[in-house]
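Have the structure open beside you as you read.

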Amino acid sequence: MFTIKKIQKNHFNYIKLENKSNRSIAKISLQEGGRLEKLKFKGVSIIEDQPNFEYKDCYSSAILFPFANRIEEGKYSYKNKEYQFKSNEPKSKNALHGLVYNKEFKILEKEYNSNSCSVTIYYSEKNECKSFPFKYTIFLTYTLLKDKLQLKISIKNDDTKSFPFVLGWHPYFNCDDFKNSYLSFKSDKKVIFDNNLITKDIIESKNKERFELENKQLDDCFVLNSDVVQFSTPKYKLKLSSTANENFLQLYTPKDLPLIAIEPMTGISNSFNNKIGLQELDANKSHNITWTATFL
């Protein structure tokens with residue numbers, strides 16, 4: 001039985017998608033950029049906020065647009081004009097994780113039937129800002145099915161001119177046993193960062209089929225050769241797939257926490273300058289991407 005419920009707690013509004021038949025839940029926070037605040041499958045916690053690890057610091061499940069990761073000192077040029085994003089990374093002057101992670105989203109439509117339930121939420125930028133002077137609407141559709149969660153993102157250019165963009169998603173997955181957990185993905189290239197996590201180079205780097213997590217402190221990015229990443233833990237297994245033409249994977253393990261960020265992206269750090277994965281969206285056009293987490 002699939003249901004949709006609106007919840008208000010501590011002045012925050014949420015949408016809860018639920019499959020009561022198999023105790024699966026997806027909870028979306030409308031005032032925190034439409035992020036996935038909680039995900040459970042068959043009663044097992046997959047995504048859940050951690051104490052003393054606040055969203056404003058960790059960007060848990062944030063939607064990253066118009067750029068993912070970092071832009072060096074927030075500076076970029078587009079069509080022979082220079083722009084400056086505000087620095088929001090304390091340890092550097094970089095701009096971090098885009099512009100919509102803290103925006104308030106509104107509900108557009110809800111739908112449920114015997115096989116699934118879904119909600120579409122949106123945010124429209126009507127005011128031109130100096131750093132990204134373009135008007136756009138971003139739509140997020142979360143769909144909970146029997147054995148998967150889909151996140152479809154649609155970007156509509158509401159402006160009279162084109163703009164550059166990259167998309168990313170920043171979920172942290174619960175992992176309390178790194179020794180017996182691992183990832184599987186196809187990649188033969190790795191991104192090399194400087195001390196401020198800005199892309200410096202891309203090198204050849206063959207991965208084993210089984211990417212072990214034990215004793216690894218990760219903040220690494222890989223160029224993917226396929227659209228699939230698998231994650232296996234003793235408590236659950238899942239597959240992340242993407243409809244993007246180019247796929248990159250950022251992995252991050254916060255120190256001393258039972259979490260790993262497995263971040264699918266369509267571009268990499270400083271993509272507004274190095275152009276890796278950077279796309280353009282023409283006036284009045286839309287771009288769609290779907291990321292799917294399938295429980296195995």
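Let us begin with a serine: Ser 92 counts as buried because its relative accessibility is 14%, where buried means under 20% relative accessible area, exposed over 50%, and partly exposed in between (1.4 Å probe, protein chains only). Before going further, a word on the source: this is a predicted model, in which local features need pLDDT of at least 70, side-chain atom pairs count only at pLDDT 80 or more, and totals for chains, interfaces and linings use all residues. Residues are numbered from 1 along each chain as its sequence is written, and side-chain values use heavy atoms, with hydrogens and water left out.

**Around Ser 92**

You will find Ser 92 in the loop between strand 9 (81–84) and strand 10 (95–96). Helices (H or I, at least four residues) and strands (E, at least two) are DSSP runs, numbered from the N terminus. The side chain of Ser 92 makes a polar contact of 2.8 Å with the side chain of Glu 89. A polar contact is a pair of N or O atoms within 3.5 Å; within protein, one must be able to donate a hydrogen and the other to accept it, and residues adjacent in sequence count only if both atoms are side-chain atoms. Leaving aside residues up to four places away in sequence, Ser 92 touches Ser 87 and Asn 196, with contact meaning heavy atoms within 4.5 Å.

**Pockets and cavities**

Glu 89 turns up again in the largest pocket: 25 residues line this pocket, and those closest to its centre are Asp 57, Arg 70, Glu 89, Leu 96 and Tyr 252. Helix 1 (55–58) and strand 25 each supply at least two lining residues, and helix 1 gives the largest share, three residues. The second largest pocket has 17 lining residues, with Lys 86, Gly 98, Leu 99, Tyr 101 and Ser 131 nearest its centre.

On a 1 Å grid over the protein atoms alone, a cavity is a set of points where a 1.4 Å probe fits but cannot get out, while a pocket is an open set with protein on both sides within 12 Å along at least five of seven lines; lining residues have an atom within 4 Å of a point. Grid points are joined across faces, edges and corners, and a volume is the space filled by probe spheres set on the points.

How many cavities of 30 Å³ or more does a search of the whole structure find? There are two. The largest cavity is lined by 15 residues, and Leu 224, Val 229, Leu 240, Ser 242 and Pro 264 are the closest to its centre. Strand 23 (228–232), strand 24 (237–242), strand 25 (248–252) and strand 26 (259–265) each contribute at least two residues to that lining. Around the second largest cavity sit Glu 48, Asp 49, Gln 50, Phe 53, Cys 58, Ser 60, Tyr 172 and Leu 259.

| Space | Volume | Lining by class |
|---|---|---|
| Largest pocket | about 660 Å³ | nine nonpolar, nine polar, seven charged |
| Second largest pocket | about 320 Å³ | eight nonpolar, five polar, four charged |
| Largest cavity | about 100 Å³ | ten nonpolar, four polar, one charged |
| Second largest cavity | about 50 Å³ | four nonpolar, two polar, two charged |

In these classes, Ala, Val, Leu, Ile, Met, Phe, Trp, Tyr, Cys and Pro count as nonpolar, Asp, Glu, Lys and Arg as charged, and the others, Gly among them, as polar.

**Strands and sheets**

Strand 25 also pairs with strand 22: five bridges join the two, which run antiparallel, and Asp 220 stands opposite Leu 251. Two strands pair if DSSP finds at least two bridges between them. Strand 22 (residues 219–223) has four of its five residues buried. Strand 22 pairs antiparallel with strand 19 (residues 189–193) as well, over three bridges, and here Val 223 is the bridge partner of Lys 189.

Elsewhere, nine strands form an open sheet with antiparallel pairing, in the order 11-12-13-14-28-24-23-18-21. Its edges are strand 11 (106–112) and strand 21 (211–212), each pairing on one side only. Within this sheet, nine bridges link strand 13 (residues 136–145) to strand 14 (residues 148–157), and Leu 140 faces Ile 153.

**Backbone exceptions**

Most residues other than glycine have a negative phi, and most peptide bonds are trans. The bond from Phe 65 to Pro 66, however, is cis, with omega near 5°; Pro 66 lies in the loop between strand 6 (62–64) and strand 7 (70–71).

Arg 23 has a positive phi of about 55° and sits in the loop between strand 2 (12–19) and strand 3 (24–29). Asn 270 has a phi near 65°, in the loop between strand 26 and helix 2 (271–274). Are these two residues buried or exposed? Arg 23 counts as exposed because its relative accessibility is 55%, whereas Asn 270, at 6%, counts as buried.
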